[in-house]
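Work through the exercises below with the sequence and the 3D structure open. Each task is followed by a solution in steps.

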Amino acid sequence: MTDSPADDLKNSDVKHSPLHAVHEQAGASFTDFAGWLMPVRYSSDLAEHHAVRTAAGIFDISHMAEILVEGPAAAAFLDFALAGKLSAVTITQAKYSLLLDPSGGIIDDLVAYRFGDDSFLVVANAGNRYAVFEALSHRAAGFDVVVTDASDGYALIAVQGPRSREILEATDGITDLGKPLADLKYYWSTDAFFDGIPLLIGRTGYTGEDGFELYLGADSAERLWAALTTAGERYGLVPAGLASRDTLRLEAGMPLYGHELGLDTQPVQAGLGRVVNLTKEGDFVGRQSIERGPGDDARVLVGLVAEGKRAGRAGYPVFAGDTEVGIITSGALSPTLGHPIAMAYVDAGSSEPGTELQIDVRGSRVAASVVPIPFYKRENTNG
Amino acid sequence: MADAKQLQYTREHEWVLVDGSVATVGITAYAAEKLGDIVFVDLPQAGSTVAEGKVVGEIESTKSVGELFAPVNGTVVASNEAVVASPELVNSDPFGEGWLIKVEFTELPELLSFDEYSALTGE
């Protein structure tokens, strides 16, 4: 047999997370992800997935890029550079946004945290680090603002799952929270300290569960990881790799850059029309193209569900009768739901929920129905 | 569980246990580990004819799809229904209860020894 995932890279150019030694010690398998050697799993993808749904998982996502935007014009600059209205974001609030190119295509999806009147942290996908930094730097011309790529200095740890808050509250060394975690709403953040080192805690994530993302200096990452895992033991916290992160985000209907999002995709096609603020004053990059729209024949992102166990996967064509009407961008046998799920771009005429389509799974047809995204929604939307 | 050192191997990360004219075939622990949690297995039915090197089945994990190649020419005499019902057996016991098919053959091709296969995987 052969397996399709990339074998571990022996490439010396590959980047290592500040937590690499911890993962090796924990027996992780690694995969190349956007030039980083990151844990794909520690023991079992499914066990890690279920732990996040029922208890909690801890992820190293230090490969993500952290870009600082600072200066008196920071908010006005981001209103111009990004699709959202960042000037309307309250200090300590976070906002999911998009970096568009002039044609309305997506350079990256990202999260911006507002630290102060004049400072933001923009968190981008690892694979788009340089594209985002270059675009922001280029667009900063004429604004009184400084754009800094601070990625190498940061570690980023995500704790995700229904027990996450209890785990953070029980973690030794996390002190001086600006706001108690119980009062921290989804997509808000607080500053704190970990053993005297500045720590940023956002109630954000990429799993569809309650959870937090913790940013701190790379030098302190190992100690924070150890403190979190020690505190989390009695809550069922397990280390979780990128394999489970992918099935978790897919169930939650969250797009992945390079799969659901790309330069050839306008936000409205991906169901992200609400992320683009057309009512904000002034111009922003991509505005004209977005106002024109992607064209009537543009494909749109839909959810597909099927029976049985054979999952459609990225790149598999989707048919209505004999006509190819779309292509899958992400798909898997859903660990939580027990049946195959997929996200796919399909022709507008095949996009209504309830439409019966077929997926070509390596030469044989599997019946699938169009459903609304997300596939999975947690019951308790606390925070 | 069969002793891994007594088995023969293919470059496609399959193991072969020869008993008379019947070869029992499975995937190696290395392959199962690389695939991750296996959630679906599609095997050829008993009675079907298989040709060496041709794809005869599929092994899917949450992350990816692996193909099962026939390591010999012959006729499938059994496929493991327990694995179809519980694909996780391939992860938990790849050299034992996770076997996939039994093929009756007339001639055995050249296969890898344990040492040769270990050299291939570097483990």
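**Exercise 1. A strand pair in chain B**

Which residue in β2(B) does Tyr9(B) stand opposite?

Solution. The model is predicted: local features need pLDDT of at least 70, side-chain atom pairs count only at pLDDT 80 or more, and totals for chains, interfaces and linings use all residues. Residues are numbered from 1 along each chain as its sequence is written, while chains are lettered from A and ligands numbered from 1 in the order in which they are written.

Step 1. Find β2 of chain B at residues 14-19; β1(B) pairs with this strand in the antiparallel sense over 2 bridges. Strands (E, at least two residues) and helices (H or I, at least four) are DSSP runs, numbered from the N terminus. Two strands count as paired if DSSP finds at least two bridges between them.

Step 2. Read across from Tyr9(B): the residue opposite is Trp15(B).

**Exercise 2. The domains of chain A**

Solution. Step 1. The domain assignment gives domain 1 (1-253) and domain 2 (267-371) in chain A; such bounds come from an automatic or database assignment.

Step 1. The C-alpha centres of domain 1 and domain 2 of chain A are 26 Å apart. The contact takes 24 residues from domain 1 and 21 residues from domain 2 of chain A, where contact means C-beta atoms, placed from the backbone, within 7 Å.

Step 2. On the domain 1 side, α2 (45-54), α3 (74-81), β6 (94-100) and α7 (242-251) of chain A each supply at least two residues.

**Exercise 3. Inside chain A**

Locate the largest nonpolar core and the surroundings of Leu78(A) and Ala76(A).

Solution. Step 1. The largest nonpolar core has 130 residues, and those with the most contacts inside it are Val69(A), Leu78(A), Ile157(A) and Leu304(A). A nonpolar core is a set of buried Ala, Val, Leu, Ile, Met, Phe, Trp, Tyr and Cys residues joined through C-beta atoms within 7 Å. This core draws at least three residues from each of domain 1 and domain 2 of chain A.

Step 1. Leaving aside neighbours within four places in sequence, Leu78(A) is in contact with Val69(A), Leu86(A), Ala112(A) and Phe120(A).

Step 2. Ala76(A) lies in helix α3 of chain A. Ala76(A) is partly exposed because 17 other C-beta atoms lie within 10 Å; a residue is buried at 20 or more, exposed at 12 or fewer, and partly exposed in between, with C-beta atoms placed from the backbone.

Step 3. Not counting residues up to four places away in sequence, Ala76(A) touches Ser87(A) and Phe143(A). The C-alpha atoms of Ala76(A) and Gly282(A), 206 residues apart along the chain, are separated by 9.5 Å.

**Exercise 4. Where the chains meet**

Which strand gives the most to the side of chain B that touches chain A?

Solution. Step 1. Count the residues in contact: 22 of chain B and 19 of chain A.

Step 1. On the chain B side, α1 (29-35), β4 (38-42), β6 (55-61) and β7 (65-69) each supply at least two residues.

Step 2. β7(B) gives the most, with 5 residues.

How values were computed:
Two residues are in contact if their C-beta atoms, placed from the backbone, lie within 7 Å.
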